[in-house]
Amino acid sequence: MRKVSALLFISVDGVVEAPDQWQFDFDEGMGEAMNAAQAAQDTVLLGRVTYQEWLPYWSTYTEGEDVDYADFINSTPKYVFSTTLNTVDEWKNSTLVKGGLADTINALKQQPGKTISTAGSPTLVRSLLKENLLDELILFVHPAVAGKGKRLFSDNSDLQRLHLVDSKATRSGVMILTYRLFTPADEA
Amino acid sequence: MRKVIGALFITLDGVVVSPDQWQFEFDEGMEEEMMKHIAVQDAVLLGRVTYEEWAPYWPTATDDFAGFINNTPKYVFSSTLDNVDAWQNSTLLKGDLADEIATLKQQPGQNIGTAGSPTLVRSLLQANLLDELILMVHPAVAGHGQRLFSDDGELQRLQLVDSKATRSGVVILTYQPFTPADEA
């Protein structure tokens with residue numbers, strides 16, 4: 001079955017907001033890992049905030065160094081989770097989802113296809129994680145303490161045991177950590 | 001000069017208390033790392049809470065860590081304790097953190113390490129008094145509990161100087177403060 005995957009830039013103190021404040025380098029190791037994740041997916045999940053921030057930027061991006069990503073994000077089917085938006089018609093290949101998160105994810109997973117992945121959308125990632133809907137969590141841990149800003153993890157949830165699948169350090173000191181949910185089979 | 005090193009068990013969500021809740025294994029890679037640091041440490045910094053939790057336990061324990069922690073000079077930071085006589089080789093420090101650390105660093109010796117004491121590590125980090133921060137990131141989201149990092153601090157750029165993953169999936173990250181020379 002297709003996987004649901006999330007990839008986020010995060011600081012050592014768990015902040016996921018305003019990465020421009022603590023990302024001082026985007027090195028080739030990060031680029032490679034991003035490209036690999038992107039190549040594996042054909043469906044994107046977005047939260048409302050990221051949708052609204054990204055729409056004006058990417059939908060009009062036609063040339064520049066990020067044109068490959070623009071082509072990808074514009075042409076890939078996007079599912080936007082929001083209870084307040086009335087339409088997502090402004091960005092092509094977008095579908096508004098107002099139903100339950102788990103039902104929607106499970107329905108998407110039944111369809112054939114490649115990996116379903118979030119883009120940005122830390123609040124959505126937090127919800128997916130809390131509801132045990134993530135098959136894979138990839139964190140790019142940046143070598144900085146942000147000091148303030150919105151964090152990925154809430155401070156009033158339950159213990160979740162994870163399994164480290166992969167870890168690598170990039171040239172500029174970003175740690176790329178890949179986790180999935182722990183299963184009893186990992187105990188061995 | 002001797003280095004001041006903060007080392008902590010921590011979860012993916014930054015929680016540093018009650019490791020018994022989220023440490024499911026203590027594997028050989030973790031042990032090796034801890035032993036490596038203890039071998040070059042001859043002074044230990046403790047916060048009040050860790051001192052009070054550890055003082056009744058370690059003096060009568062007999063494992064390798066007990067031998068180390070009981071025999072090594074311990075500096076306990078507390079504004080409320082009157083004495084630290086309950087645990088051998090302990091000295092109570094009531095002065096300003098930066099001044100006390102500067103005094104210790106001027107003395108000859110090996111590295112100065114923290115033990116437990118997340119609140120103290122947070123203070124050292126915020127005051128830029130740590131030469132090295134070692135985080136042993138456990139593969140778990142604790143969900144709640146005291147975190148290492150405050151949410152009203154300043155941006156601090158770090159340099160990753162070492163990283164390794166242990167068999168049970170703990171990632172050991174060693175950071176130093178970033179200096180402009182790291183930019184090159």
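Two strands pair if DSSP finds at least two bridges between them. Helices (H or I, at least four residues) and strands (E, at least two) are DSSP runs, numbered from the N terminus.

This is a predicted model: local features need pLDDT of at least 70, side-chain atom pairs count only at pLDDT 80 or more, and totals for chains, interfaces and linings use all residues. Residues are numbered from 1 along each chain as its sequence is written, chains are lettered from A in the order written, and side-chain values use heavy atoms, without hydrogens and water.

**Stop 1: a strand pair between chains**

Select Ala144(A). Opposite Ala144(A) stands Arg157(B), in E8(B). The strands here are E7(A) and E8(B) (residues 156-165), antiparallel over 2 bridges.

**Stop 2: the other strand pair**

Go to Arg161(A). Its bridge partner is Ala140(B) in E7(B). E8(A) and E7(B) run antiparallel, joined by 2 bridges.

**Stop 3: the sheet**

Colour the strands in this order: E4(A)-E3(A)-E2(A)-E5(A)-E1(A)-E6(A)-E9(A)-E8(A)-E7(B). They make an open sheet of 9 strands with mixed pairing. Which are the edge strands? They are E4 (94-97) of chain A and E7 (140-141) of chain B, and each pairs on one side only.

Next, show helix H1 (residues 28-39) of chain A. H1(A) packs on the sheet and touches E1 (4-11), E2 (41-47), E6 and E9 of chain A. Its direction makes about 160° with that of E6(A). Angles run from 0 to 180 degrees between N-to-C directions, with axes fitted to C-alpha atoms, for helices over the stretch in contact.

Then pick helix H5 (residues 122-130) of chain A. H5(A) runs at about 105° to E2(A). The strands that H5(A) lies across include E7 of chain B.

**Stop 4: the hairpin in chain B**

Select E8(B) and E9(B) (residues 171-177). They pair in the antiparallel sense over 7 bridges. Lys164(B) stands opposite Ile172(B). The hairpin has 5 residues between its strands, and Gly169(B) in the turn has a positive phi of about 90°.

**Stop 5: the whole interface**

Show both chains. In contact (heavy atoms within 4.5 Å) are 33 residues of chain A and 31 residues of chain B. How many salt bridges are there between chain A and chain B? The count is 0, with a salt bridge taken as a side-chain nitrogen of Lys or Arg within 4 Å of a carboxyl oxygen of Asp or Glu. On the side of chain A that touches chain B, strands E6 (136-142), E7 (144-145), E8 (160-169) and E9 (175-181) each give two or more residues. E8(A) gives the largest share, 6 residues.
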